[in-house]
Amino acid sequence: MIRLATRKSPLALWQTEYVADELRRHYPETSIELLPLSTRGDEVLDRSLSEIGGKGVFLKELERALLENEADIAVHSLKDVPAESPPGLKLSVVMPRGDWADWWLTADGRTPDELPSGARVGTSSLRRQSQLIRQYPDLDVVPIRGSVQTRMGLMTSGQVDAVILAAAGLQRLAFPLEHRLALGPPAFIPSPGQGVIVTQCRADDEHTQQLLAPLGCPDTADQVAAERAVVATLGGDCRMPLAALAQIDGKGRLTLHARLCSPDGRLAVERVVEGDRQDAEALGLEAGESILEHGGREIIAALPA
Ligand SMILES: NCc1[nH]cc(CCC(=O)O)c1CC(=O)O
C-alpha cells in the first residue's frame, strides 16, 4: 500500500488524485490511498500568509505525516515549496508541467488597459502585484486570500474588477471561463515552478522513490532546476517578488527569463539567459547572481521584513 498525503482543497485533491492515478497505471497491483489533511494555511484565512509563517504553512502538516510515517508521499504545488526540504525529507519527482501562465480574469473581458484608473485587481502575490503595477501604475491592487473558488467568487460578484490566478489551477478544476487573458514573458513572468506538481518522500525511503521515478518528467525537471536555482541564489521565499520561467526548445536549448521587482513595481532587474539544457542549474545561478549584482541586492535589502 502507498499512502499519499494531501491538503483538502479541491485543487490539492485533484493534483493528488492525478499522482494516485499515475501510480495505479504503473502499479495496478498496489493499493493507493489518499490521506487528506488540514493545514494552518487553509484554516486561518483572516491573516496574511507572511503573518502566519509564510508559504511553508501549507506544507508542515503534510511533512509531519511523512516524518511520522503516516504517509509515504506528500503531493505539493512546486511553487509553494521552499528551496530546502526539512531534514529527513526530500523532493522526489516532478510531474509533467501543466500550463505555466498566469491568467487575467474579468467578468466582462476588459484588458488591463481598458480598466479605469483605480480599478481593483485582486491578488496577494507580490510577484503578480509588482509586475502588474509596473506596467499599469493606475490600477489598485487589493490583497485576497482563500481557495481558487473564493478568489474567483470575489471577481464574479464584483468585489474586485479583475483577479490574476494560475492557469494550471483553473484548468485542473475545469472552471468555466469566458474572459481570460494569458499573461507571459517578457511582460509578465510566472512564479518559479508554476504549473508543476512535485512529490516529497522520506529521504531514506528508497522503495517509494524508485516507484515514483518513472512518473517524473525530464523536461520539467530541467526547467525547474533552472528556475529554482534563481530562487536559491536570491534566497527567495514567498515575500520576494521574484519571477522565473525556463523553456526548452526542440534542440535542447534552454531559455530562462528571470525578474526581481520591488513590491511597488518601480524597480526591476531582469535577465534572459540561454544555454544547453544540461546546464540548467548553472544558467539559473548565472541569472540569479547577475540580478543580485545589478541592483537585486538593494531591492532585497529594502523588502519589508
Ligand atoms: N499560491 C497558491 C497556488 N499554488 C498552486 C496554484 C496553482 C497551480 C500551480 O500553478 O502550480 C495556486 C493558485 C494560484 O496561484 O492561482
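Strand 6 and strand 8 pair in the parallel sense over 2 bridges, where strands are DSSP runs of E of at least two residues and helices are runs of H or I of at least four, both numbered from the N terminus. Two strands count as paired if DSSP finds at least two bridges between them. Within this pairing, Ala 162 of strand 8 is the bridge partner of Val 121.

Before I continue, two remarks on the source. The model is predicted: local features need pLDDT of at least 70 and side-chain atom pairs count only at pLDDT 80 or more, whereas totals for chains, interfaces and linings use all residues. Residues are numbered from 1 along each chain as its sequence is written.

Let me stay with strand 8. It also pairs with strand 5, in the antiparallel sense and over 5 bridges; here Val 163 in strand 8 is the bridge partner of Leu 105. Is strand 8 mostly covered or mostly exposed? It is mostly covered, with 5 of its 5 residues buried, a residue being buried if 20 or more other C-beta atoms lie within 10 Å of its own, exposed if 12 or fewer, and partly exposed in between, with C-beta atoms placed from the backbone. Ala 162, Ile 164 and Ala 166 point one way from the strand, while Val 163 and Leu 165 point the other way.

These pairings belong to an open sheet of 5 strands, in the order 7-6-8-5-9 and with mixed pairing. Strand 7 and strand 9 (180-183) stand at the edges with a single partner strand each, so one side of each has no neighbour in the sheet. On average, neighbouring strands of this sheet are turned by 30° against each other, direction ignored; axes are lines fitted to C-alpha atoms, for helices over the stretch in contact, and angles run from 0 to 180 degrees between N-to-C directions. Strand 6 and strand 7 pair in the parallel sense over 3 bridges, and Asp 140 in strand 7 is the bridge partner of Arg 120.

Which strands of the sheet does helix 4 touch? Helix 4 packs on the sheet against strand 5, strand 6, strand 7 and strand 8, and its direction makes about 170° with that of strand 7. Contact here requires C-beta atoms, placed from the backbone, within 7 Å. Helix 5 (residues 148-156) packs on the sheet as well, touching strand 5, strand 6 and strand 8, at about 155° to the direction of strand 8. Of the 10 residues of helix 4 (residues 126-135), 8 are buried, among them Leu 126, Arg 127 and Ile 133. The cover over these buried residues includes strand 11 (242-248) and strand 12 (253-261).

Of its 72 residues, Ala 226, Ala 244 and Leu 256 touch the most other members. Helix 8 (residues 218-234) gives the most to this core, with 7 residues. Leaving aside residues up to four places away in sequence, Ala 226 touches Ala 246, Leu 254, Leu 256, Ala 280, Glu 281, Leu 283 and Gly 284.

Finally, the protein as a whole. It has 9 helices and 13 strands. Buried residues make up 43% of the 305 residues. Along its principal axes, the C-alpha trace spans about 60 × 45 × 40 Å.

Definitions and conventions: Contact = placed C-beta atoms within 7 Å. Core = buried A, V, L, I, M, F, W, Y, C linked by C-beta atoms within 7 Å.
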